[in-house]
Amino acid sequence: MNNHALIIRFHYGKEDPRFDWRFSYFKAMVLPRILNQTRKDFDICIWCNSWHDEIFKSLSSRIKIFHSKKETIRYRILNGKKYYYDFIEYEDLEGLDKYEIQSGIDSDDLISRDYIDTIVKYLKNEKDKTHLCFQPKTFNLKTLAIKPMLPYHSKRGSAFLSLYQQNKEDNYKFIYCDSHISMWKYAKKSITIPSGHCFATIHYLNESTGK
């Protein structure tokens, strides 16, 4: 096991119509960028449901899968809009080891070739719990346009994030125990990395990006 996990949520229901498109985009556009990183010393950990285990394992020998102990599909209403509620405590997961560095991206988002290397460089001298987030740009799949995204900062983190916990026995937190906006609260320090390393894809199946 490496000390760094790139964690991707992909736990869709058996008949969810979004899965096929998301999986195809992940396989064609997202995963190649992950496998082509300048650093290879990280695990690729996918949170899925058991009925999708084999399809993910078939993509790469580097992929590890894990599950929620009791999978449920939940939504919440925020400002009149319906959003997927996708947060869970580490204790409610099975099959995921404790990593010093957890990094998270969404299953439809794109990263630069030095993305993992950049995370490691920023955390190299940190000793305490540290939150990282990247300032992303948007990539419009229909128009191919790349545009700036609303600014993120140390008190409002982006969905491209990392959580460093050197002491894995000290109130260990799963990187998706809370919204990416609020994960800075679980660290002693938060660092925002300038844009140029990641892109949030705008497409017709977005939950929120670009809306």
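**View 1. Phe26 and its aromatic neighbours sit together in one cluster.** Phe26 and Phe56 are both buried, meaning under 20% relative accessible area, with exposed being over 50% and partly exposed in between (1.4 Å probe, protein chains only). This is a predicted model, so local features need pLDDT of at least 70, side-chain atom pairs count only at pLDDT 80 or more, and totals for chains, interfaces and linings use all residues. Residues are numbered from 1 along each chain as its sequence is written, and side-chain values use heavy atoms, leaving out hydrogens and water. Phe10 is buried too. The structure holds 17 aromatic pairs; rings of Phe, Tyr and Trp (its six-membered ring) pair if their centres lie within 6.5 Å, and planes under 30 degrees apart count as stacked, over 60 as edge-to-face and the rest as tilted. Take Phe10 and Phe26: their ring centres are 5.5 Å apart with planes at 80 degrees, so this pair is edge-to-face. Phe10 comes from the loop between strand S1 (4-9) and H1, and Phe26 from helix H1, so the pair ties together parts 16 residues apart in sequence. Phe26 also makes an edge-to-face pair with Phe56, at 6.4 Å centre to centre and 75 degrees between the planes. Because Phe56 belongs to helix H2 (residues 53-57) and Phe26 to helix H1, that pair links parts 30 residues apart in sequence. The cluster is made up of Phe10, Tyr12, Phe19, Phe23, Phe26 and Phe56.

**View 2. Strand S3 is largely enclosed by the rest of the structure.** Why enclosed? Five of the six residues of S3 (residues 63-68) are buried. Strand S2 (residues 43-47) runs parallel to S3 and is joined to S3 by four bridges; two strands pair if DSSP finds at least two bridges between them. Ile46 has Ile65 as its bridge partner in S3. S3 also pairs with strand S6 (residues 93-94), in the antiparallel sense over two bridges, with Ser68 opposite Leu93.

**View 3. His131 is buried in strand S9.** Its relative accessible area is 0%. The side chains of His131 and Ser190 make a polar contact of 2.7 Å; such a contact is a pair of N or O atoms within 3.5 Å, where within protein one must be able to donate a hydrogen and the other to accept it, and residues adjacent in sequence count only if both atoms are side-chain atoms.

**View 4. Asn140 sits in strand S10.** At 21% relative accessibility, Asn140 counts as partly exposed. The bridge partner of Asn140 in S14 is Ile202.
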